[in-house]
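Work through the exercises below with the model open. Try each task before reading its solution.

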Amino acid sequence: MYKKYRILIWIGMGIIAIAILAGYLFFPRYSGEKLGNIPESDSLPEPEVIQYIYGIPADSFNIIEGKVKSNQFLAGILSDQGVSGADISVLMQKAESIFDVRKVKAGNKYITFSSFDSIPRLQYFVYEKDPINYLVLQLKDSLYVYNGVKQIDTVRNTFAGSIQTSLWNTFADKGANPMMANELSEIYAWTIDFFGLQQGDSLRVIYEEYYADSVSIGIGKIEGAWFRSMNHDFWAIPFVQDSVESYFDEEGNSLRKAFLKAPLRFSRISSRFSSSRLHPVLKIRRPHSGVDYAAPTGTEVHAIGDGVVIQMGYNGGGGNTVKIKHNSVYTTSYMHLSRYAKGIKNGAYVKQGDVIGYVGATGLATGPHLDFRFYKNGSPVDPLKVVAPPVDPVKPENRDSFGLVKARVMKGVEGF
């Protein structure tokens with residue numbers, strides 16, 4: 001019996017030995033490495049990343065960029081790319097419902113996607129209508145036309161600089177989007193006289209900027225700003241009150257005043273309020289009861305406050321004039337206009353910022369400019385010295401919330 005068991009044991013050991021030998025011969029050995037630590041040469045290849053442009057797989061085509069030339073039409077561009085007249089006719093018909101092909105603009109970019117064949121064939125044609133929107137003409141497989149919109153990325157940016165020549169140039173000289181000047185002029189329109197900026201005035205701002213294809217296409221929300229001008233600090237702190245977001249100074253006073261600081265966005269002062277000024281046309285000295293803003297003909301003129309038009313018409317030496325009564329105390333006058341804005345007439349109600357007319361040189365004027373006058377209780381006063389009270393300050397019940405926002409914004413603006 002024992003002999004029988006010994007025979008079975010020997011048979012079992014033989015089977016195990018054969019199995020071990022087969023493993024060495026037919027299966028990979030890992031030399032003590034953990035299973036899964038596969039040598040780099042045996043690793044799986046990285047998946048291919050396909051790059052898309054306008055939603056089209058770029059690697060599949062030969063891509064060429066071009067610009068629409070003067071007096072060039074979409075049909076002509078397609079014909080130059082070898083597209084048949086029959087296909088062009090179909091594409092133009094399909095485009096009618098989504099885009100007027102007659103509005104193709106000289107200077108706008110277009111992109112062609114052609115096959116890699118020995119005789120390239122146009123597969124897709126993309127026309128950029130503006131920095132965001134584009135039109136796609138598909139010739140691959142079937143003729144199809146559709147609109148597209150680029151992905152817009154929002155980036156949080158900061159800027160710090162000092163005025164050398166103008167607010168616009170301050171941004172442009174540092175490679176920032178100069179449209180920031182427009183945004184700040186809107187926020188500070190009631191507080192800072194942007195026609196009176198001096199060299200050395202400085203600013204710091206945190207803001208959102210929109211990008212398409214890494215190109216700036218616009219300015220978003222201003223998250224906080226500080227301006228140093230005329231030896232004064234001017235803060236702009238965004239805060240939501242009564243479901244409306246507006247800007248306040250560090251004391252909680254609204255930056256929105258009863259009147260705008262100036263009736264034009266950007267210009268220069270060519271003549272100030274004076275008790276004795278040499279008239280440029282009459283060549284005599286007499287009082288100048290207003291401020292002259294030199295600007296190109298056609299520049300928009302804005303009402304500096306809400307009110308009612310009490311005079312609209314030709315006013316002798318003042319030329320085309322609009323006069324607005326804001327309340328029982330203040331009245332403003334806008335003279336030498338080239339024309340009036342639509343809807344402006346005697347008795348019309350206008351709101352702050354509304355366009356009431358356009359700069360011109362009517363009446364006694366040597367060149368295009370706006371003669372802006374400000375009256376208090378019927379007497380002319382220097383528009384540049386009018387101090388308007390703030391409106392809608394932070395309410396007492398919102399002071400604690402405003403304090404938290406203020407601390408965060410000021411720390412952020414001062415921290416870069």
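**Exercise 1: a helix with two sides**

On the face of α3 turned away from its buried side sit the exposed residues Ala86 and Gln93. Exposed means over 50% relative accessible area, buried under 20%, partly exposed in between (1.4 Å probe, protein chains only). The model is predicted: local features need pLDDT of at least 70, side-chain atom pairs count only at pLDDT 80 or more, and totals for chains, interfaces and linings use all residues. Residues are numbered from 1 along each chain as its sequence is written, and side-chain values use heavy atoms, with hydrogens and water left out.

Task: find which residues of α3 are buried, and what covers them.

Step 1. Helix α3 spans residues 85–95. Helices (H or I, at least four residues) and strands (E, at least two) are DSSP runs, numbered from the N terminus.

Step 2. Ile88, Leu91, Met92 and Ala95 are buried. They lie on the same side of α3, because they cover an arc of only 100 degrees around the axis. The arc is taken over directions from the helix axis to the C-beta atoms.

Step 3. The cover includes α2 (74–80), β6 (133–138) and β7 (144–149).

**Exercise 2: a hairpin and its phi angle**

Task: describe how β6 and β7 are joined, and say where aspartate 141 is found.

Step 1. β6 and β7 run antiparallel, with six bridges between them. Strands pair if DSSP finds at least two bridges. Glutamine 138 stands opposite tyrosine 144 in β7.

Step 2. Aspartate 141 is in the loop between β6 and β7. The hairpin has five residues between the strands.

Step 3. Most residues other than glycine have a negative phi. Aspartate 141 is not a glycine, yet its phi is positive, about 70 degrees. Aspartate 141 counts as exposed, at 76% relative accessibility.

Step 4. Now take histidine 336, in strand β20 (residues 330–340). Histidine 336 also has a positive phi of about 70 degrees. Histidine 336 is buried, with a relative accessible area of 3%.

Methods: Contact means heavy atoms within 4.5 Å.
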